[in-house]
Amino acid sequence: MIWSISSFKEFQKCERKWFLDKKFSSRSPKNIYRQEVYFLSQLETIDAWRGQIVDYTLSKYVIPKMQKRQTLSYDAVIDYAKKITKARYEFAIAEGHKEPNLKKTEHYYEYAPLYDIKYPSGDLKPKLRKAWDEIVVSLTNFYNNQGLIADLKKANYLITQRTLQYDSHDTTIRGVPDLIAFYPDAPPHIYDWKVHSSDTKTYTEQLLIYAQSLITCWSHSDFEEYIKGYKMTDIRLSEFQLLTNKIRNYSVTEDYVERINDYIAGGIEKLILKNCHKKFEELSIDNFEKTPNLDNCRSCPFKKICKED
Ligand code: SF4
């Protein structure tokens, strides 16, 4: 079984949603109903859509330019984001994710199925305009943070969206930090970008799991030498709320290390108790309860089929 904090949080919010997303959905046309569930599972709300465009711009354009020590022009950053936004809008309108034989891995640039196309609310255009304004604000806040940019320039290696995995309790723990910066004479620094209109929620567990994953992960020959000699408590962690322009730094203490390991062990146990480690064929949808909190259903992509069953 693979355990990640995002999947576990989804499970905690609604077991039924987790089951439909992680076990039931299948892109294969052999089962039309399971394929329909897969198409629903791909839908993103506009808020998530906006965040993905910012993440993609930073990971695929901004950070690689910094890594190559190339000049970063503000206009070029916004132009890059504008092109992705247009490509993703066209993909969403055409419902490109339903194209037969489409390989998602070959279409990350434009792949962006939109919840609001499947569940139209009549105000798509103003929502998209607002999302674009917020993409610009988020990228501007990143670009104007000279302290952060100066710090990243001191790094000798930057990697984005790297999947880090390690084994614990017969389970694979997975984390994908937005950015890891490695330095010649300082411990690695993990950054996580958030594009949320409110910055009150903290992400302690998520960042700690990234730190644990970095120190414990299966071998990555490109950065192995940069983590040699460091402990989890040495890793620096920051969450950058790009829309509200707030950076939150987290220190990793021994107490936190113990707490996060207990959290992961408890999370794995909860999934195993529900047989989540078993194959789809061995499971029944009825064992996965619907959320008691109807707020969770409001923007759930599965609400169409949930109402029907
Ligand atoms: S519609 Fe509600 S109950 Fe059904 S899967 Fe979604 S969140 Fe769960």
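I count Ala, Val, Leu, Ile, Met, Phe, Trp, Tyr, Cys and Pro as nonpolar, Asp, Glu, Lys and Arg as charged, and the others, Gly among them, as polar. The model I am reading is a predicted one.

Entry 1, ligand shell. I looked up the residues around the ligand and found C14, R16, K17, K290, T291, N296, C297, C300, K303 and C306. I then asked which elements give two or more residues to this shell, and they are α2 (15-24) and α12 (303-308). Sorted by class, the shell holds four nonpolar, two polar and four charged residues.

I searched the structure for disulfides and got zero. I checked the accessibility of two cysteines from the shell, C297 and C300. C297 has 29% relative accessibility, so I list C297 as partly exposed. C300 comes out at 10%, and I list C300 as buried because that value is under the 20% cut-off.

How many cavities of 30 Å³ or more does the structure hold? I found one. For the largest cavity I noted a volume of about 30 Å³. Its lining consists of E36, F39, L40, L43, E95, H97, K98 and K118. I asked which helix gives the most to this lining, and the reply was α3 (residues 32-41), with three residues. By class I have three nonpolar, one polar and four charged residues in the lining of the largest cavity.

Notes: Residues numbered from 1 in each chain as written. Predicted model: local features only at pLDDT ≥ 70, side-chain atom pairs only at ≥ 80, totals over all residues. Heavy atoms only, no water. Near = heavy atom within 4 Å. Helix = DSSP H or I, 4+ residues; strand = E, 2+ residues; numbered from the N terminus. Disulfide = S-S within 2.5 Å. Buried < 20%, exposed > 50% of the residue type's maximum accessible area, 1.4 Å probe, protein only. 1 Å grid on protein atoms, 1.4 Å probe; cavity = no way out; pocket = protein on both sides within 12 Å on 5 of 7 lines; lining within 4 Å. Points joined across faces, edges and corners; volume = space filled by probe spheres on them.
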